[in-house]
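I opened this one to look up aromatic contacts, packing and backbone angles. My notes follow in the order I made them.

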Amino acid sequence: MFRPLSFYIGLRYTAAKRRNHFISFISLTSMIGLMLGVAVLIIVLSVMNGFDRELKQRILGMVPHATIQGTGPLDDWRSIDARVEQHPRVLAAAPFIQGQAMVTGGGNVRGVMLNGILPEQERTVSIIEDHMIEGSLDDLVSGEFGIIVGRLMAASLRLQVGDKVTVVLPEASITPAGVLPRLKRFTVKGVFSVGAELDGSYTLIHMDDASVLMRTGGKAEGIRLLVDDLFAAPKVSEEVARQLPGRYYVSDWTRTHGNLFQAIRMEKTMIGLLLMFIVAVAAFNIVSTLVMVVTDKTGDIAILRTMGATPGRIMRIFVVQGAVIGVFGTLIGTTLGVVGALNISAFISWLEGVIGHQFLSSDVYFISYLPSQLLWQDVFIISGAGLAMSLLATIYPAWRASRVDPAEALRYE
């Protein structure tokens with residue numbers, strides 16, 4: 001059967017038991033280092049992808065993907081809402097009234113973002129209904145002046161469902177008694193928890209009550225959009241605004257929360273690069289391994305040269321030997337990394353149960369478990385980089401082997 005000579009001899013050198021056991025040990029550690037580096041890099045990037053996904057789902061599930069506002073309150077917001085929903089990339093739309101306020105309760109004061117909504121439409125553009133601890137959006141009834149607060153706000157103000165709070169607007173009203181701040185008593189109707197900073201500053205009231213409080217005359221301040229692709233929100237909002245008669249201003253999540261996700265993306269990139277250096281160190285351990293193999297096999301190389309082997313063939317022999325170490329290390333590391341990324345959440349949960357300690361407490365972090373999202377794109381990039389660096393590391397030792405002078409090598413044999 002035909003066997004390429006370089007490939008055959010390279011495999012024989014890799015599998016052979018060497019007289020120098022130290023070289024065998026270095027070869028094994030090079031493969032194990034490459035394997036662990038690839039596996040750890042896949043697992044770490046998968047965990048970071050998981051945190052990125054949770055942030056997007058929780059924070060961007062609460063804040064608008066995009067908003068459309070006019071120069072003032074929207075007179076006919078119902079017709080605008082209907083036209084906006086006709087856009088093929090807009091999944092849902094809902095009116096809103098938004099303003100800053102202070103909430104006092106339990107002897108404490110907290111600044112909040114007050115959001116006037118229509119409950120029946122808000123649940124189509126927001127995930128808040130899925131994260132209600134007490135109460136529901138339906139408890140917000142026009143004219144009852146109910147309010148839904150976040151878990152952190154309820155804790156800091158010592159609030160429970162049914163308690164009374166005072167909402168104070170940063171505006172003053174002139175009365176016979178003098179200039180007084182505009183304020184209104186509200187009843188806590190529900191508590192939500194999305195596990196993010198929004199739990200401490202985000203509040204919901206009925207849009208009719210917000211209209212009375214902020215004196216918009218029953219008009220909406222703007223329209224909130226839910227689009228089919230987060231990253232297409234700027235483009236979609238501009239297209240929608242151009243199709244509407246009149247002049248409108250658009251905003252999207254990249255302006256309000258874009259810095260957060262850019263920071264996460266940069267952190268993932270930097271950690272990926274740092275961990276890639278671990279893979280690089282393990283891959284270039286192959287250089288020292290092959291250099292020692294070349295020194296150990298100098299006599300064999302000289303014999304092969306005297307039998308007619310060309311320098312190119314000698315070079316290919318040691319490229320094959322180094323490539324075998326790199327390929328096996330990368331493949332095993334990729335397999336371990338994929339298995340680990342798919343099971344890291346269950347393993348951490350099991351470990352927490354065994355040792356009786358929770359690593360991610362919901363009181364401190366926005367989630368109480370370790371998320372993981374395996375992206376095959378990351379797997380292919382990491383595996384390809386590991387293989388490329390392994391092959392690159394074989395060039396110098398293989399070139400050095402091809403430069404062995406048979407006469408000098410066999411002089412003292």
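I started with the rings. The model is predicted. My search of the whole structure returned 6 aromatic pairs. I noted one of them, Phe192 with Tyr202. A pair of aromatic rings is described by the distance of the centres and the angle of the planes. Here the centres are 6.3 Å apart and the planes stand at 85°, so under the cut-off of over 60 degrees the pair is edge-to-face.

Next I turned to Phe145. I found this residue in the loop between β4 (132-134) and β5 (146-150). Most residues other than glycine have a negative phi. Is Phe145 buried or exposed? Phe145 counts as buried because its relative accessibility is 16%, and the cut-off is under 20%. I also found a charge at this ring. Lys184 lies over the face of Phe145, 4.4 Å from the ring centre.

I then looked at Arg158. Arg158 also has a positive phi, about 55°, although it is not a glycine. I placed Arg158 in the loop between α5 (151-156) and β6 (164-175). Its relative accessibility is 57%, so Arg158 counts as exposed.

I moved on to the packing. In soluble globular proteins, nonpolar side chains tend to be buried together. The largest nonpolar core holds 63 residues. Which members touch the most others? I got Val84, Leu114 and Ile147. Strand β2 (residues 90-105) gives the most to this core, with 5 residues. I also checked the domains. The core draws at least three residues from domain 1 (5-58 + 261-410) and at least three from domain 2 (72-246).

Helix α12 (residues 376-393) came next. I tested its length. At 1.5 Å a residue, its 18 residues should span 26 Å, and the end C-alpha atoms are 26 Å apart, which agrees. I listed the buried residues of α12: Asp378, Val379, Ile382, Ser383, Gly386, Met389, Ser390 and Ala393. Where do they fall around the axis of α12? Seen down that axis, they stay within an arc of 130°, so they line one face of the helix. I looked at the face turned away from the buried side too. That face carries the exposed residues Gln377 and Phe380.

Val404 is in the loop between α13 (395-402) and α14 (406-410). At 15% relative accessibility, Val404 counts as buried. The C-alpha atoms of Val404 and Pro311 are separated by 8.7 Å, and the two residues are 93 residues apart along the chain.

Leu213 is in helix α6 (residues 207-214). With 5% relative accessibility, Leu213 counts as buried. I took its separation from Val167: the C-alpha atoms are 9.4 Å apart, for residues 46 apart along the chain.

Definitions and conventions:
Residues numbered from 1 in each chain as written. Predicted model: local features only at pLDDT ≥ 70, side-chain atom pairs only at ≥ 80, totals over all residues. Heavy atoms only, no water. Helix = DSSP H or I, 4+ residues; strand = E, 2+ residues; numbered from the N terminus. Expected span 1.5 Å × (residues − 1). Buried < 20%, exposed > 50% of the residue type's maximum accessible area, 1.4 Å probe, protein only. Arc of directions from axis to C-beta. Phe/Tyr/Trp six-rings, centres within 6.5 Å; stacked < 30°, edge-to-face > 60°. Lys NZ or Arg CZ within 6 Å of the ring centre and 35° of its normal. Core = buried A, V, L, I, M, F, W, Y, C linked by side-chain atoms within 4.5 Å. Domains from an automatic or database assignment.
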